[in-house]
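Hi everyone, thanks for coming.

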Amino acid sequence: MSPPEDGEESTPLIKRSYHDSDPQFSVVRARIVSIVIPVLTMSAGSARDTLMAQYIVKRLSSDRGLGTNETDTAPCNVELNDSRAKEADELQAEASDLLTNLNLTLCIPAFFTCLIIGSYSDFLGRRLLLMFPVLSHLLRMALTTCIIKFNLDLNYTYIAYGIDGLAGSWFAILLGLFALTADMNASKHDRTFWIYFIGCATTIMSAGANVAVGYLIDYVDFFYACLLLVAMMLISFLVLIFTLQETLPVHLRPKGMGRNPLSHVRRIVSFYIFDGTVRRRMTFCLCLLLFVFGVANDLNVGSMDTLYQLHRPFCWSSKEIGNYNAIRSAGTAFLGVLLLKFLQCCMSDEKIGMIGILSQGVGFTFEAYIQVSWHFYFVPILLTPTSPFSAIVRTMMSVLAGPDQQGAVFSSIAVVETICNLVSTTAFNKIYAVTVSYMPGAVYLVMASCSYLTFLLFGVYFCIHERPQKEHIIIVNPEPIQETK
């Protein structure tokens, strides 16, 4: 298959009906559903991650006899030579290790699920792809709520995370949403904007969810905060079941694929090994490296920030953490979408991504050396240009693939994303656990180094990426045919 044009695919991803301007499904309804699902499910999931980090610290503190009530944890504002400071450090390290193990329980099965589920969506459609991970996300939150309500053993959380992982978790949700978005947008700029808009809407809603969760934990308890998140996920699942139409027409689905998982695994690796020219395969591989080093930093930053801010010298409350997460997520997303539309008028998406990843490195470097609480509020400003980065790299790969390969290409991204989540979360949590007693911000320097490496990889990309091949079709009007009598 010859590569598509840089700005637009040669074949539209939606089938036209008898009236060529109208697709077989309602684009407006599909756009609304593609925003409602992540806004409710993914934002609730983001708030759940910060909630779980706080709840685990609280439970471990309570089990050690260090807390006196529902939300108390180990003492924070103590001198370094105080024996309680050592207890607080050990508590942070134990909580970090538990979060790492839960992440392993989620990511390992999600890796194998994402390995084939995206390619199957090219064969079976997008609706089925979204249904199972949204349901598993709901079940995971419901089980977590039961654990908190009945004060069950923390080991039961492994069951909740494992169930979610078997369905692909949020990796599969994003995979399905981005494939659905690609079905509706052939233009490169449009696809980048709508993929980013999904993330933008999600982060803005996450801001509200984090604030609400912070206040509920502070003024009531963890259980009612969980109930709010369960309700959000339940609404999202019902919207999906009753309103989402299939966006992938039958005539664009690969023929003769069958249900053999190995054939679908081959489809998602073919971009990097088998298909196209050497330059095209190198371009795909380089885009994947950009994604790996540029996105891995953000996958665990929410729970990492929470642990960082709970510890000395900051000692933040649940309410303060919720307010900060709201400003960081909503502020960067809102300003980021405005910045993206402005920069798209004067430069390519790739150059916007290059600027963004450099700002990410600067932001993490600054965060590593924060000593005063209010300095945290400079971080969202520094990270604003990097907010569209993930959408830009996904679009670069999506446009390079064909219209019948969107599920497969997003599946390959989701597989790599699970590995990134697994490796980065494990590595960053271990680094934090080891360095928390003398430099808690050291982990952010490691994150910044990944950002600077990604910036250098962009330079390599501009040297080797496959140039778009534009086809010019010339239509010559023939002489009118004279009817013979």
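So, to start: in which loop is Thr 386 found? It's in the loop between α13 and α14 (389-400). Quick housekeeping: this is a predicted model, where local features need pLDDT of at least 70, side-chain atom pairs count only at pLDDT 80 or more, and totals for chains, interfaces and linings use all residues. Residues are numbered from 1 along each chain as its sequence is written, and side-chain values use heavy atoms, with hydrogens and water left out. When I say helix, I mean a DSSP run of H or I with at least four residues, numbered, along with strands (E, at least two), from the N terminus.

Back to Thr 386. Its relative accessibility is 8%, so it counts as buried (buried is under 20% relative accessible area, exposed over 50%, partly exposed in between, with a 1.4 Å probe and protein chains only). Setting aside neighbours within four places in sequence, Thr 386 is in contact with Gly 356, Ile 357, Ser 359 and Gln 360, contact being heavy atoms within 4.5 Å.

Now the aromatics. There are 27 aromatic pairs here; rings of Phe, Tyr and Trp (its six-membered ring) pair if their centres lie within 6.5 Å, and planes under 30 degrees apart are stacked, over 60 edge-to-face, the rest tilted. Take Trp 316 and Tyr 377: the ring centres are 6.3 Å apart and the planes at 20°, so that pair is stacked. Trp 316 is in the loop between α10 (301-310) and α11 (318-343), and Tyr 377 in the loop between α12 (349-368) and α13 (379-383), so the pair ties together parts 61 residues apart in sequence. Trp 316 is buried at 6% relative accessible area, while Tyr 377 is partly exposed at 33%. Both belong to one aromatic cluster, along with Tyr 308, Phe 314, Tyr 324, Phe 364, Phe 376 and Tyr 444.

Some rings have a charge sitting over them (NZ of Lys or CZ of Arg within 6 Å of the ring centre and within 35 degrees of the ring normal). The charged end of Arg 31 is over Trp 194, 4.2 Å from the ring centre, and Lys 149 lies over the face of Phe 223, at 4.8 Å.

One more loop before I stop. Which loop holds Leu 152? That's the loop between α3 and α4, and Leu 152 is partly exposed, with a relative accessible area of 31%.
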